[in-house]
Amino acid sequence: MRLKNFLIVVKDIERARKYYEDVFGLVTLRDFDGNMIMTGGLVLQQENYWRDFLDADVVPRNNSCELYFEHEDVEVFVSRLKKLYPQTEFVNELMTHDWGQTVVRFYDLDGNLIEVGSPF
C-alpha cells in the first residue's frame, strides 16, 4: 500500500486553486467539480461537499496537521508570499531551528496550516 493523496477542505475551490498555483507553483491535474487533484498529491475539496459527506462542521485553524513544503531560500519565499498575499496570517515568522533549518508557518486562505522550510 502507498499514500496517494492528501485532502484539504477549502471554502472556494477556484480561489484555493489560484492560491496554490501562485504560492507553490502547483498545477491542476484533474477537476471533478468540487474536488480537484493538484500536483504533489494535494487534493482540494469544496467545503460544502465535505460537510455534507461527513455531516459535521469544518474547523479551520484546528492545528491538527500541516502541509510541509521545502524551498531553497525561505526568506525569498516569504517576501514573495507577502507581496502576493499580504493578508497572510503567520503562526511564526522566519525562525532557525537549533539544527540549522530555517522555517516559517502560516495559514492558507482557508485556515490550513502550512510550513515552508529550507532543505536539511
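Biologist: What makes β1-β4-β3-β2 an open sheet, and which strands are its edges?

Modeller: In this predicted model, four strands line up in that order, with mixed pairing. β1 (6–10) and β2 (28–31) are the edge strands, each pairing on one side only. Strands are DSSP runs of E with at least two residues, helices are runs of H or I with at least four, and both are numbered from the N terminus.

Biologist: How do you know that β2 and β3 pair?

Modeller: Two strands pair if DSSP finds at least two bridges between them. β2 and β3 (residues 35–38) have three bridges, in the antiparallel sense, so they pass that test. Across from D31 you'll find M36 of β3.

Biologist: What makes you say that helix α1 lies across that sheet?

Modeller: Helix α1 (residues 13–24) lies across β1, β2, β3 and β4 (42–46), at about 10° to β3. Helix α2 (residues 47–54) packs on the sheet too, touching β1 and β4, and its direction makes about 80° with that of β4. Touching means contact, that is, heavy atoms within 4.5 Å. Angles run from 0 to 180 degrees between N-to-C directions, using lines fitted to C-alpha atoms, for helices over the stretch in contact.

Biologist: Why are β5 and β6 called edge strands?

Modeller: They belong to an open four-stranded sheet, ordered β5-β8-β7-β6 and mixed in its pairing. β5 (67–70) and β6 (89–96) each have a single partner strand, so one side of each has no neighbour in the sheet. The twist here averages 15° from one strand to the next.

Biologist: Which helices lie across strands of that sheet?

Modeller: α1 lies across β5, β7 and β8, at about 15° to β8. Helix α3 (residues 74–84) lies across β6, β7 and β8, and runs at about 160° to β6.

Biologist: Why is the link between the side chains of T102 and T96 called a polar contact?

Modeller: A polar contact needs a pair of N or O atoms within 3.5 Å; within protein, one must be able to donate a hydrogen and the other to accept it, and residues adjacent in sequence count only if both atoms are side-chain atoms. These two side chains are at 3.4 Å, so they fall inside the cut-off. T102 lies in β7 (residues 102–107) and is also the bridge partner of T96. Beyond four places in sequence, the contacts of T102 include V74, L94 and V116.

Biologist: What makes up the lining of the largest pocket by class?

Modeller: The lining has 10 nonpolar, five polar and four charged residues. Ala, Val, Leu, Ile, Met, Phe, Trp, Tyr, Cys and Pro count as nonpolar, Asp, Glu, Lys and Arg as charged, and the others, Gly among them, as polar.

Biologist: How should I read the numbering and cut-offs?

Modeller: Residues count from 1 along each chain as its sequence is written, and side-chain values use heavy atoms, leaving out hydrogens and water. Local features need pLDDT of at least 70 and side-chain atom pairs 80 or more, while totals for chains, interfaces and linings use all residues.
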